[in-house]
Amino acid sequence: MADANKTATLTIGGANYELPILSPTEGPDVIDIRKLYAQADVFTYDPGFTSTASCDSEITFIDGDKGELLHRGYPIDQLASKSHYLEVCYLLLYGELPSPAQLEDFESRVTNHTMVHEQMHRFFTGFRRDAHPMAIMVGVVGAMSAFYHDSTDISDPWQREVASIRLIAKMPTIAAMAYKYTIGQPFVYPRNDLDYASNFLRMCFAVPAEDYTPNPVLSRAMDRIFTLHADHEQNASTSTVRLASSSGANPFACIAAGIACLWGPAHGGANQACLEMLREIGTVDQIPEYIRRAKDKNDPFRLMGFGHRVYKNFDPRAKVMKESADEVLDLLGIEDNPTLQVAKELEKQALQDDYFVDKKLFPNVDFYSGIILEAMGFPTAMFTPIFAMSRTIGWISQWKEMIEDPAMKIGRPRQLYTGAGARDYVDVENR
Ligand code: SDX
């Protein structure tokens with residue numbers, strides 16, 4: 001990475017500081033400022049990390065201008081069409097596509113960890129029935145460290161492996177239990193004769209009175225949604241997991257922190273907010289008014305599902321998601337879904353508007369996912385839990401990469417202090 005012939009020179013107060021430049025496999029060069037404070041007694045300032053690389057990673061690369069997303073070098077559109085979620089999990093976790101034997105072993109290990117400790121069922125009953133499923137997932141996943149003590153020692157490679165498999169395997173079960181609990185239906189146990197996506201659909205939609213046989217097209221669409229949400233460089237929730245993990249906290253607590261961060265409407269909560277926005281717009285003739293509001297600096301309204309910190313072109317995941325939306329709605333015979341009609345017309349009008357074109361605001365992964373999930377029968381409150389369970393493999397893979405890096409140190413950013421200078425205490429009677 002370091003290229004001895006490439007350095008950056010910083011001049012401060014007449015003094016020059018040579019900073020090494022690190023060259024990546026793909027993407028912009030990186031100026032290494034690790035020694036800057038010690039040498040020049042200055043900090044750099046970048047509150048939203050728009051120009052800051054927080055780590056080096058081999059897992060995922062995004063080219064925002066090209067609209068490209070690579071997982072261990074493989075383009076997302078190829079993985080979405082040719083692979084499946086558990087194979088992508090293996091790729092993200094271990095770095096290479098598995099052999100048939102490796103894939104069979106990995107799938108078997110995940111399948112045989114899908115049940116949760118029976119005591120966890122009682123944990124759910126402490127929540128109100130109207131609790132948001134994300135609130136339940138943050139609590140239950142954080143509590144996993146109380147149930148799975150034998151896989152919390154992050155210095156033990158075997159325990160790291162077991163915790164990774166447990167989280168990948170149990171997240172669908174926990175998400176489905178959160179859904180069942182909020183609708184007052186009994187929990188449905190996972191089954192080992194179903195694939196990952198079919199198992200999740202059955203745990204959500206089967207009832208004791210009537211079993212549920214997943215439609216293969218819906219299972220495929222569900223699996224593709226998992227794949228499209230699997231990992232995405234150092235987004236807010238992944239950065240949260242890395243920062244929490246840097247203190248040595250156990251993996252379950254760190255993933256719970258990631259879930260909490262993902263919940264925000266500017267991040268993973270956008271899929272729920274986007275569908276609610278499409279419903280609020282209601283009909284195609286209301287679109288111009290909402291586009292006007294999104295452009296009005298005095299109006300806090302933003303087009304949910306539009307824009308991205310990195311993509312300044314189409315989000316490649318949105319393209320695949322749009323194809324899936326057409327397939328699923330066609331299968332379910334709801335081509336004239338009013339929400340989908342509003343979404344397609346909104347996308348068309350926004351992409352013809354200079355404001356969105358000039359600011360490079362394109363539909364992102366959250367724009368179409370909600371339409372598919374709603375068509376499959378999920379309430380909007382389940383959209384972000386599905387994003388969270390899909391992203392667990394990304395969080396775990398990035399966590400593993402960081403923990404296994406010998407150079408890892410606790411994350412501890414500095415600040416630009418703008419508060420009061422030192423001053424003496426004044427007794428209350430003298431104020
Ligand atoms: C995800 O990081 C990841 O990789 C995230 C994610 C992942 O897989 O982990 O891809 C998942 O979180 C996708 C994003 C989902 N969020 C939304 O759809 C919410 C709506 N989008 C915006 O909140 C916004 O676009 C962000 C948060 C996604 C990105 O914000 P940035 O990069 O900080 O950009 P910005 O807020 O500085 O906006 C730049 C300009 C501003 O106008 P100016 O101040 O320059 O005049 O664009 C405007 C913004 O007002 N703008 C929008 C807009 N998004 C940005 N205007 C209207 N509607 C929008 N959606």
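Let me start in the sheet: Thr60 has His71 as its bridge partner in β5. Strands and helices here are DSSP runs, numbered from the N terminus: E of at least two residues for strands, H or I of at least four for helices.

A word on the model. It is predicted, so local features need pLDDT of at least 70 and side-chain atom pairs count only at pLDDT 80 or more, while totals for chains, interfaces and linings use all residues. Residues are numbered from 1 along each chain as its sequence is written, and side-chain values use heavy atoms, with hydrogens and water left out.

Back to His71. This residue sits in strand β5. Is His71 buried or exposed? His71 is buried, at 0% relative accessible area. Buried means under 20%, exposed over 50%, and partly exposed in between, with a 1.4 Å probe and protein chains only. The His71 side chain makes a polar contact of 2.9 Å with the side chain of Thr60. A polar contact is a pair of N or O atoms within 3.5 Å; within protein, one must be able to donate a hydrogen and the other to accept it, and residues adjacent in sequence count only if both atoms are side-chain atoms. Setting aside neighbours within four places in sequence, His71 is in contact with Ile59, Thr60, Ile76, Leu79, Leu91, Leu92 and Asp231. Contact means heavy atoms within 4.5 Å.

Now the sheet itself. It is open, with 3 strands in the order β4-β5-β6 and antiparallel pairing. Two strands pair if DSSP finds at least two bridges between them. β4 and β5 pair over 4 bridges. β5, residues 68-71, is joined to β6 by 2 bridges.

Two turns are worth a look. The hairpin of β4 and β5 has 4 residues between the strands, and there Gly67 takes a positive phi near 70°. In the loop between β5 and β6 we find Arg72. Arg72 is not a glycine, yet has a positive phi of about 50°.

Glu233 lies in the loop between α9 and α10 (236-245). At 21% relative accessibility, Glu233 counts as partly exposed.

Next, helix α8, residues 196-205. Of its 10 residues, 9 are buried, so the helix is largely enclosed by the rest of the structure. Among the buried ones are Tyr196, Asn199, Phe200 and Arg202. What do the buried residues of α8 pack against? They pack against α3 (85-94), α4 (100-111), α7, α9 (216-228) and α18 (383-403). At the start of α8, a side-chain oxygen of Asp195 reaches to within 3.1 Å of the backbone nitrogen of Ala197.

On to the core. The largest nonpolar core has 114 residues, and Phe200, Met222, Leu346, Met376 and Phe378 touch the most other members. Helix α7 (residues 157-182) gives the most to this core: 13 residues. Such a core is a set of buried Ala, Val, Leu, Ile, Met, Phe, Trp, Tyr and Cys residues joined through side-chain atoms within 4.5 Å. Take Phe378. Not counting residues up to four places away in sequence, Phe378 touches Phe200, Leu201, Cys204, Phe205, Met222, Leu373, Phe383 and Ile386. There is also a second, separate core of 6 residues, including Ala8, Tyr17, Leu36 and Ala40.

Last, the ligand. There are 24 residues around it, and His232, Leu303, His308, Arg317 and Arg391 come nearest. Around means one heavy atom of the residue within 4 Å. A polar side-chain atom of His232 lies 2.6 Å from a ligand oxygen. For Asn364, a polar side-chain atom is 2.9 Å from an oxygen atom of the ligand. Phe306 uses its backbone: an N or O atom there lies 2.9 Å from a ligand nitrogen. On its own, the ligand has 1100 Å² of accessible area, and the protein covers 77% of that. The areas come from the Shrake-Rupley method with a 1.4 Å probe; for residues, only the protein chains shown count as cover.
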